[in-house]
Amino acid sequence: MTGGPEEVRCMLMRGGTSKGAYFLAEDLPADPAERDDLLLRVMGSPDPRQIDGLGGAHPLTSKVAVVSASADPEADVDYLFLQVAVDRPEVTDRQNCGNILAGTGPFAVERGLVAAGAGETSVRIRMLNTGELAIATFPTPGGRVDYSGTAEISGVPGTAAPVVIEFPQGSSPLLPTGRIRDVIAGTEVTCVDNGMPVVLIPAAALDVTGYEAPKDLEEDLSLAERLREIRLEAGKLMGLGDVEGTTVPKLSLLAPPTDGGAVMTRTFIPVRCHTSIGVLGAASVAAGLLLPGGVGEDIAEIPVQTEVSAQSDRIRIEHPSGFLDIETSVAPGSGDAAPVVPRTAVVRTARKIFDGTVFPRPAATAPT
Ligand code: NQM
């Protein structure tokens, strides 16, 4: 806290195609319930317009990063991602976010947790939501973060400095159900987790094309009911338990690519349809496409894989506002073990929007 319990030091940043409030862990209450109550009031939730807070009235702009120095010798900082629901009084740490991750390295340098290198800086980030590691590298000429540059990412106007993010091999099973295909609620799907649990579903199996505008898909109530049914069952099969009211797994509808990429997607996160696609969500889609026998096999346009190999491929995931390139590979596990992803990499950009003090809505006036 800066000047009392109701004033909190905060940096608002765009991370990739998301926007969030970044905090040092030491500036927030240590007790999770107290912290979450404060964050609801900071973001203006619950309220569909989040009119009284920093939130942007969409899950993609109602996000929080909590960052601290790491005690882990393999990491420089710990990053906890929190999704603040827009219209429900709920804060969850059950999902990670690769877009907000893009701002975490620059934020760590801005707050003095990591010393800037002369030309560029690499920050090793322990992602507390999943326990996995990420390494983010970005320009720091003269020892300061430079946000300007020439990298373009779909879904963000203009250009900015690249933040290159590498994910070494993770420890979660790539196929959480143990199978490459499952039939769920009468629909063939592939459940995959390369950093984000995602259910891959051929769009045609749900009687949509997969090219519709996100808003039109969101208004399709029979589609929403079928997605809900699939998700609840998939959650159980993926070992996530009862996922009613949680934000994972995500659901990605697959259709043939239209612009030279590997596949076209429409991703539900899980109720709103993403205006692009999440970073780790796209990493999971890409890995799912590389696995022989998945539901993307007859839809995606990638070199035919007859067996898994360690060769790294750049997989272009098309989405409603452009594409996201994922560099990844799927390699055989040792012995009879399931396939693994040795490495995934992606380019994002980030921007510091403001740095200052946020004044949360007083607790007494919070709606019930
Ligand atoms: O999958 C949205 C986003 C995300 C998550 C979501 C993300 C990721 O676009 O890594 O970035 O799926 O809820 O920020």
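**Close-up views of the predicted model**

View 1. Apart from neighbours within four places in sequence, Ile317 is in contact with Gly261, Ala262, Val263, Thr265, Ile277, Ala282, Val285, Ala286, Phe323, Leu324 and Ile326.

**View 2. The largest nonpolar core, with 100 residues.** Ala286 and Ile317 touch the most other members of this core. Helix 5 is its main contributor, giving 9 residues. In soluble globular proteins, nonpolar side chains tend to be buried together.

**View 3. The shell of 15 residues around the ligand.** The closest residues are Ser18, Gly98, Asn99, Gly278 and Leu280. Two or more shell residues come from each of helix 2 (98-110) and helix 5 (279-290). Helix 5 provides the largest share, 3 residues. Sorted by class, the shell holds 7 nonpolar, 7 polar and 1 charged residues.

**View 4. Helix 4, residues 221-237.** The 17 residues of helix 4 reach 25 Å from first C-alpha to last, close to the 24 Å expected at 1.5 Å a residue. Its buried residues are Leu223, Arg226, Leu227, Ile230, Arg231, Ala234 and Gly235. Viewed down the helix axis, these buried residues fall within an arc of 160°, so they line one face of helix 4. The face turned away from the buried side carries the exposed residues Leu221, Ser222 and Glu225.

**View 5. Packing partners and the end of helix 4.** The buried residues of helix 4 pack against helix 3 (214-218) and several strands, among them strand 9 (182-184), strand 10 (187-193), strand 11 (197-202) and strand 12 (250-255). Strand 13 (263-268) also packs against these buried residues. Just after helix 4, Gly239 adopts a positive phi of about 80°.

Terms used:
Residues numbered from 1 in each chain as written. Predicted model: local features only at pLDDT ≥ 70, side-chain atom pairs only at ≥ 80, totals over all residues. Near = placed C-beta within 6 Å. Helix = DSSP H or I, 4+ residues; strand = E, 2+ residues; numbered from the N terminus. Nonpolar A, V, L, I, M, F, W, Y, C, P; charged D, E, K, R; others polar. Core = buried A, V, L, I, M, F, W, Y, C linked by C-beta atoms within 7 Å. Buried ≥ 20, exposed ≤ 12 C-beta atoms within 10 Å, placed from the backbone. Contact = placed C-beta atoms within 7 Å. Expected span 1.5 Å × (residues − 1). Arc of directions from axis to C-beta.
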